[in-house]
Structure formats: C-alpha cells, structure tokens
Amino acid sequence: MDNRLVICLVTLLLSFVSTISTNSEGNILHGLRTRLSDPNNVLQSWDPTLVNPCTWFHVTCDSNNNVIRLDLGNANISGSLGPELGQLQHLQYLELYKNDIYGKIPKELGNLKSLVSMDLYDNKLQGQIPKSLAKLKSLKFLRLNNNKLTGSIPRELTKLSNLKVFDVSHNDLCGTIPIDGPFGSFPIGSYENNDRLNGPELQGLATYDFGC
C-alpha cells in the first residue's frame, strides 16, 4: 500500500477518534446544562449538535480539543450536579462558585484525575464531603466554603500532598480538624463558622468524628 495512503488513513482514523472523544465531552456538558436553570442564558452557546464543545462560551480546551476548564463562576445558575461530570478526564479547573447550586457533591468528581482546582464555594450544597476527592492527587485548591455541608472532614484528604488551599468555612461540619499532611499548614480561618467542628485534633485523645 502507498505510504501516502497509509498516512491519510491514519490521519482520518485519529480525527475520527478525536471527534468521538470531543462529542462525548459535549454530551457530558450538555447533560449538565439540562440540570441547570440559566435565566441569563450564559449557556446559550452550549449546542450539542456541534462537533465539539471547544467553541462554547465558558469552556476551555487544550490543543487536542480536550475540555480542561469549566468557568461558570458567578453565572446566576441554579440546579444540581450530576455524576456525568466525573467523566471529563482531562478537566483541570472546575469553577462553579457563587451560584445557587444545591444537592450533594457527586462522589464521581473523585474521578477527575487531572483536576488542579475545584471551586464550589458560595452555593447551597448539602450532604457530606465525598471521601473520593482523596483520589485527586493533582489537586491544589479545594474551596467549599459558604455552603450547607455536614459531617466530618474526610481523613482521606490528608493524603493530598499537593493541596495548597483548603477552605470549608461557613458550613455545618462536625468532628475534629485534621493536622496530618498539608492540613498542618492551613490557617484556622479555613474552618471558621462550623459550630460543631473542634480542633485542631489531639491525636489519640479523640476520634476524628468526635461531636458528630
């Protein structure tokens, strides 16, 4: 077979695979859109009939058309988050702060292995912080403050060695404040206004969920 023909076929195949991948990410984001109320039409460009979501507003892709940023902070949207978000394998920045997003944080967000920043602060999220977030080994910024989260701070999060900023202030968390790993350096303001949260913990003297 002619080498030029082989190269052409390989190029077409790679293009086809890339299209399948980006269509899949478009479907995932469109699934998110269907869960959200959007009075200001900030998601108007999220058209699932397009080849990929890289032309949509508030979505950023890399050179391979993989979605790496979702910027919907302060967008006046409301609704809940679904498990499908955990399928955005290349996502690095999940910025959904200052909205009216309610319901639980999906445990599937722990599958976002490339995530560097998760900003969900200033919403109406409820339930517990998922232990699955401990799988986000690249995570540097985790801001969940000003929500309605309950339960204890998962001790699994102390294994996130790259974590630089952690803020769960202004929630309804309980138990004790961890001191292991990066948690030894976070300021006390990261935890303020959680009436049932105690600490920092004295290891061996109280269980981590003491007071819950």
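**The core and its surroundings**

A: In this predicted model, the largest nonpolar core holds 49 residues, and Leu-70, Met-118 and Phe-166 touch the most other members. Helix H1 (3-35), strand S2 (59-61) and strand S3 (67-71) each supply at least two residues of this core. H1 gives the most, with 3 residues. In soluble globular proteins, nonpolar side chains tend to be buried together.

Take Phe-166 next. Setting aside neighbours within four places in sequence, Phe-166 is in contact with Leu-142, Ile-153, Leu-157, Phe-183, Phe-186, Ser-190 and Tyr-191.

Now the loops. Ser-169 sits in the loop between strand S11 (165-167) and strand S12 (172-176). Its relative accessible area is 4%. Ser-169 is therefore buried, as the cut-off is under 20%. The side chain of Ser-169 makes a polar contact of 2.7 Å with the side chain of Asp-167. Beyond residues up to four places away in sequence, Ser-169 touches Asn-145, Asn-146, Gly-189, Ser-190, Tyr-191, Glu-192 and Asn-194.

Thr-158 belongs to another loop, the one between strand S10 (148-151) and S11. Thr-158 has 14% relative accessibility, so Thr-158 counts as buried too. A polar atom of the Thr-158 side chain lies 2.7 Å from the backbone oxygen of Arg-155. Not counting residues up to four places away in sequence, Thr-158 touches Pro-178, Asp-180, Gly-181, Pro-182 and Phe-183. Pro-178 is 20 residues from Thr-158 in sequence, yet their C-alpha atoms are 7.4 Å apart in space.

S10 leads on to strand pairing. S8 and S10 run parallel, joined by 2 bridges. Within this pair, Gln-126 stands opposite Lys-148 in S10. On the other pairing of S8, strand S6 (residues 100-104) and strand S8 (residues 124-127) are parallel over 3 bridges. There, Gly-103 has Leu-125 in S8 as its bridge partner.

Last, the annotated stretch. The unreviewed UniProt entry carries the annotation "domain: Leucine-rich repeat-containing N-terminal plant-type" over residues 23-62. Over residues 23-62 the chain is 32% helix and 12% strand. The end C-alpha atoms of that stretch are 15 Å apart.

Note on methods: Residues are numbered from 1 along each chain as its sequence is written. This is a predicted model: local features need pLDDT of at least 70, side-chain atom pairs count only at pLDDT 80 or more; totals for chains, interfaces and linings use all residues. Side-chain values use heavy atoms; hydrogens and water are left out. UniProt positions are given in the numbering used here, feature names are shortened, and annotations may be inferred rather than shown by experiment. Helices (H or I, at least four residues) and strands (E, at least two) are DSSP runs, numbered from the N terminus. A nonpolar core is a set of buried Ala, Val, Leu, Ile, Met, Phe, Trp, Tyr and Cys residues joined through side-chain atoms within 4.5 Å. Buried means under 20% relative accessible area, exposed over 50%, partly exposed in between (1.4 Å probe, protein chains only). Contact means heavy atoms within 4.5 Å. A polar contact is a pair of N or O atoms within 3.5 Å; within protein, one must be able to donate a hydrogen and the other to accept it, and residues adjacent in sequence count only if both atoms are side-chain atoms. Two strands pair if DSSP finds at least two bridges between them.
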